[in-house]
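I wanted to look up the salt bridges first, then the rest.

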Amino acid sequence: MVIFETAIKGVSAARIERFARQAQKLAKIAGEVDVLISGNQRLQELNRRFRRKNKPTDVLSFPRPTGGDIAISAEIARENAALFGHATADELNILVLHGMLHLAGYDHESDNGQMARTEARLRARLKLPASLIDRAQDRLIAKPRKRTARKPSATRAAGAARRSKP
């Protein structure tokens, strides 16, 4: 079941539910998985309560003996879709897949890249844009550009040399 506490224009619960069932099957999760799409405030409350992190986050997963629950921030999904140049529906699907893999027991913080490899394989199969893990790694790898001093052109250097002579 998909519950929209925060609506997203052009995205229906039925569409997300179809994708969630497909991702659930690929992640090999038995039972029922419910998806909540809410706002930053709700995700911050859940993140604070269950992870002791007092900030909103894009996706949280809560395993149950059979199945689980996934909570997604509609606001962060919209922002990331705009930032990375794809549809909000695609971003929601990326977050659903990521949450499903957590429900399946993957943990990208401690599994030496196993979740990243699985997510990349499934993302390609599902024709989704870059995953959360890929984007996080790209941010870590990317270094800010250093501003370098411009070298003076030969003409400016000659003019400076002439002006400095007595």
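I looked up Arg-64 and Asp-34 and found their side chains joined in a salt bridge, N to O 3.5 Å (a side-chain nitrogen of Lys or Arg within 4 Å of a carboxyl oxygen of Asp or Glu). The pair links distant parts of the chain, 30 residues apart: Arg-64 lies in the loop between strand S3 (59-63) and strand S4 (67-73), Asp-34 in strand S2 (residues 32-38). Strands (E, at least two residues) and helices (H or I, at least four) are DSSP runs numbered from the N terminus.

I note that this is a predicted model, where local features need pLDDT of at least 70 and side-chain atom pairs pLDDT 80 or more, while totals for chains, interfaces and linings use all residues. Residues are numbered from 1 along each chain as its sequence is written, and side-chain values use heavy atoms, without hydrogens and water.

Arg-64 also bridges to Asp-69, with the closest N and O atoms 3.0 Å apart. I therefore record Asp-34, Arg-64 and Asp-69 as a network of salt bridges. Arg-64 is partly exposed at 32% relative accessible area, and Asp-69 is partly exposed at 27% (buried is under 20%, exposed over 50%, partly exposed in between; 1.4 Å probe, protein chains only).

Next I checked Glu-5, which forms a salt bridge with Arg-42 at 2.6 Å between the closest N and O atoms. Glu-5 sits in the loop between strand S1 (2-4) and helix H1 (13-27), Arg-42 in helix H2 (residues 40-51), 37 residues apart. I count 4 salt bridges by this rule.

Last, I looked at helix H3 (residues 74-84), whose buried residues are Ala-74, Ile-76, Ala-77, Asn-80 and Ala-81.
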